[in-house]
Amino acid sequence: MKALVLLGCPETPSQTPLAVYVYNKLTKMGYDTTIAANPAAKKLVKVSDPEDYYHLDLVDLERHLGEIKEGDYDLLVGFVHKDAAASFFVTFDQILQTKSLALVFSRDADEVAEFVSMIEESGSNALITAVRAFHNPSPIKVKFDKAIKEFE
Amino acid sequence: MSFCLDTYLQQSDNYEIHASKAGFKDCAMIIRFKADDLVYIKPGDEVLGVRVIGIPPIPIGFDHEKGTVFLPYTKPCHGTSVVELPIDEEEMEKIRKLDTGNKK
């Protein structure tokens, strides 16, 4: 089983620790996991694991978008905290045509609602879990832990 | 060698940005407003050598008088922009073949 984790713009503090958390969780669930991110977000994750404890498999987001095809992954998990992240998630979701989970968060409740609506309007079958959060990863972690049970 | 939008935008100044660091929906509206002809494609469809990112149906516009195409261009940290650049008939036909006909 293969899982792809999509990271958005790295300006959200909670994204990096949660990327490692999600990677670890999916790996323990038996997924061969890959994280796709832009260069800065990749570096933040890479530096978070100096001893290579997690054996993080990191790829460039835009290059990977050009390479993937339907069926390449069995699960897609996306961090959606910006308009562009919603667009990237929907695009990967449509290409891969696989099970998917969108972790929607923002410090602004209106943005949370807007990003959820963007994914829903796309016709995606993704499971969407949403919460107002920015600095503190705990609310997103709680939502992820609950949502990922649907895929166990 | 086929056309590649990323390379073109880095190496040419013959293009126009109509919106930058915007949301996808605003950019889709600008394309619908500015173009005199539209096709609607799916996210991930390849236009000018890149996979187009966005929420379906994604509008791609043409200005036949100027011989240009309008398309959304999304970067993770910079949001979505509307880029207008020259296009030849062959590339235009390739885009037309992607038309889903779905405008909603």
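Visitor: What share of the 104 residues of chain B count as buried, and what makes a residue buried?

Guide: This is a predicted model. A residue is called buried if 20 or more other C-beta atoms lie within 10 Å of its own. In chain B, 38% of the 104 residues count as buried.

Visitor: Which elements make up chain B, and in what order do they run?

Guide: Chain B has three helices and seven strands. From the N terminus the order is α-β-α-β-β-β-β-β-β-α.

Visitor: Which strands form the open sheet of chain B?

Guide: Five strands form it, in the order E1-E7-E6-E5-E2, and their pairing is antiparallel. From one strand to the next, the twist averages 25°.

Visitor: Why are strands E1 and E2 of chain B said to stand at the edges?

Guide: Strand E1 (16–22) and strand E2 (37–41) of chain B each have a single partner strand, so one side of each is left without a neighbour in the sheet.

Visitor: What makes E2(B) and E5(B) a pair?

Guide: Two strands pair if there are at least two bridges between them. Five bridges join E2(B) to strand E5 (residues 58–63) of chain B, so the two meet that cut-off.

Visitor: What is called the largest nonpolar core, and how many residues has it?

Guide: A nonpolar core is a set of buried residues of nonpolar kinds joined through C-beta atoms within 7 Å. The largest such set has 73 residues, and those with the most contacts inside it include Leu7(A), Ile35(A) and Phe89(A). H4(A) gives the largest share, nine residues. Leu7(A) touches residues including Ile35(A), Ala41(A) and Phe79(A).

Visitor: How many residues does each chain give to the contact between chain A and chain B?

Guide: Chain B gives 16 residues and chain A gives 19 residues. On the side of chain B, E6 and E7 are the elements that give two or more residues. That side divides into seven nonpolar, six polar and three charged residues. Helix H4 (residues 83–96) of chain A lies across strand E6 (68–75) and strand E7 (79–86) of chain B, at about 70° to E7(B).

Note on methods: Residues numbered from 1 in each chain as written. Chains lettered and ligands numbered in written order. Predicted model: local features only at pLDDT ≥ 70, side-chain atom pairs only at ≥ 80, totals over all residues. Helix = DSSP H or I, 4+ residues; strand = E, 2+ residues; numbered from the N terminus. Buried ≥ 20, exposed ≤ 12 C-beta atoms within 10 Å, placed from the backbone. Axes fitted to C-alpha atoms, helices over the stretch in contact; angles between N-to-C directions. Contact = placed C-beta atoms within 7 Å. Nonpolar A, V, L, I, M, F, W, Y, C, P; charged D, E, K, R; others polar. Lists of a residue's contacts leave out its neighbours within four places in sequence.
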